[in-house]
Amino acid sequence: MTKILVIAEHLGGKLNGSTARAVSAAAAVKPDAIDVIVLSDAPDAVAAEAAKIDGVSKVLTIARAENAHSLAAVYAPQIVKVASGYTHVFVPSTTFGKDLAPRVAALLGVSQVSDVMSVEGPHTFKRPIYAGNAIVTVEVDATSTVVATIRTASWAAAASNGSAPVEPLNVEPLLPSHTRFVNLQQGKSDRPDLQGAPKVVSGGRGVGSKENFEIVYKFADKIGAAVGASRAAVDAGYVPNELQVGQTGKIIAPELYIAVGISGAIQHLTGIKDAGTIVAINKDGEAPIFEIADIGLVGDLFKILPELEAAIG
Amino acid sequence: MKILVGYKRVVDYNVRIQVKPDGTGVVTDGVKLSANPFDDIALEEALRLRERGVAEEVVVVGIGPADLTAHLRNGLAMGANRAIHVQTADAVSPLTAARTFLKLVEKEQPGLVILGKQAIDDDANQTGQMLAALWDRPQATFASKVEIADGKATVTREVDAGLETIEAELPVVITTDLRLNEPRFIKLPDIMKAKSKPIDVIELGSLGVDVADHIKTIHYAAPPKRSKGVMVKDAAELVTALKQKGLL
């Protein structure tokens, strides 16, 4: 029996879209069951959303006050208790999953497969290494539990037509109190979420300043796109860290990616390779971004972006 | 307080890696090797904590073959007090690395272990979290700010939603993100000084670590290439091209 436990990611009472992507990866294993587990102080709303994901057999919930924030040290012992009934544990490869999954794997005494981009068999997976410059096929010993993080950009979200049952669990391992949540500073934005948006406009060092970044936001709003940035732009303080796209930031796969004033270091390119269409706008015609762009335009972004807005009408 | 720092040697981040034609690995012969950039950040943070009087001793730890010594000397030249070289000729998985660190932690009793959030070769992003689990201590991953006071670490973490701050009782495992600090450059006199700093060499086999790896890499391939695109000459042409693709 192949049974997969998918750990739901959620924030503020809402299920994160990465969960449905992890379910897609789980479905590719062709298992006998896919159960989603929601850990929260109040899991009901999130569990109801998770229950709709196609392919989910049931949704398990653990409601405890300690689960109000997703602390890996608190979540992991609970997941380990539940994981004994499963052959696979899948977690989205977001900062939530990257923090949590290795802690679960170590407690289970197994290695982890990070960033699964394709499923070749129940124990065989492909994953990127060297910032995506090589793809390895790895095989997990058939007798070990597979703990894997799922590279969200490689998987479309499973649809939401299902109606799986929700089952509350009582697992009561001793939870540590050595780690406490203090606060979360969240960028307030009405723009689409960078990780799920079909269109993304990203700015780089070429944008030049925090003030100048307004032109990127303005253009993104014009076409209904999310806003991203290169590491250089984040390091320079033009935009907050959660906008960073690349090897160590967010890996995204929008239908349309427009890179503005981004030269295209390999660490950035690895974050956007799965995009449908990549457009590069840069004043340097030799910039490496043009090597992978589907459509390139050499020129001054401060002139081109307003022209684009006018041309779109 | 003592701080242990993980100091891994990897293919330099500027090298464009090539996959061997037979799919058995990547070409590393004659390729420039450097400290994992996140580990340089980890070491820098440890040094700053020592300079602020929070820690007395910074120990860099490397796991790898005999020739890792030169790399560890760089860590000593940057300012670490001493180094531990866990010697093995075999490739080491994150779980084995975490189990190895656990042995060292039991012996050294550090207040902090600082590791890079990921190594830029295998991009696994696991060792710190695994060590914290095995050690049954807090983890503060993807750190962009670290404050140590009153037996606690207050750490700001770069997460997808923004910046999360957590508080954890020492000892703690911290993994570094890019914006925690800017590592210092090594100065020539420090390279000379580093030559007299101690490096303890321990055979991995002597630590009694379970090195079983139940994940096997069976094939390496180059990533699929994106086909060469087209250049347009102005904004109007770009809009037309995007409209044709149904993207605008």
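A:Arg231 is partly exposed at a relative accessible area of 39%, where buried means under 20% relative accessible area, exposed over 50%, and partly exposed in between (1.4 Å probe, protein chains only). A:Asp235 is likewise partly exposed, its relative accessible area being 38%. The side chains of these two residues, A:Arg231 and A:Asp235, meet in a salt bridge at 2.9 Å, N to O, the term standing for a side-chain nitrogen of Lys or Arg within 4 Å of a carboxyl oxygen of Asp or Glu. Both residues lie in helix H6 (residues 231–235) of chain A, 4 residues apart, about one turn of the helix; helices (H or I, at least four residues) and strands (E, at least two) are DSSP runs, numbered from the N terminus.

## Basis of the description

This is a predicted model, in which local features need pLDDT of at least 70 and side-chain atom pairs count only at pLDDT 80 or more, while totals for chains, interfaces and linings use all residues. Residues are numbered from 1 along each chain as its sequence is written, chains are lettered from A and ligands numbered from 1 in the order in which they are written, and side-chain values use heavy atoms, with hydrogens and water left out.

## The interface of chains A and B

The contact (heavy atoms within 4.5 Å) takes 86 residues from chain A and 76 residues from chain B. Between them the two chains bury about 6900 Å², 55% of it on carbon and sulfur atoms, buried area being the accessible area (1.4 Å probe) that two parts lose on being put together, summed over both. Across this interface the rule finds 6 salt bridges, including that of A:Arg180 with B:Glu169 at 3.1 Å, N to O.

Another salt bridge joins the side chains of B:Arg157 and A:Asp99 at 3.6 Å, N to O. The pair crosses between chains, from strand E8 of chain B to helix H4 of chain A, and both B:Arg157 and A:Asp99 are buried.

## Strand E8 of chain B and its partners

Because 6 of the 8 residues of strand E8 (residues 152–159) of chain B are buried, this strand is largely enclosed by the rest of the structure. Strand E7 (residues 139–149) of chain B runs antiparallel to E8(B), with 6 bridges joining them; two strands pair if DSSP finds at least two bridges between them. B:Ala143 stands opposite B:Arg157 in E8(B), and in the hairpin of E7(B) and E8(B), which has 2 residues between the strands, B:Asp150 takes a positive phi near 55 degrees.

Strand E9 (residues 162–169) of chain B is also antiparallel to E8(B), joined to E8(B) by 8 bridges. B:Lys152 stands opposite B:Glu169 in E9(B), and E8(B) and E9(B) form a hairpin with 2 residues between them.

## Helix H4 of chain B

In helix H4 (residues 127–135) of chain B, 7 of the 9 residues are buried, so this helix too is largely enclosed by the rest of the structure. The buried residues include B:Met130, B:Leu131 and B:Trp135. Those buried residues pack against parts of both chains, among them helix H4 (95–108) of chain A and helix H3 (94–108) of chain B. Just after H4(B), B:Asp136 takes a positive phi of about 60 degrees.
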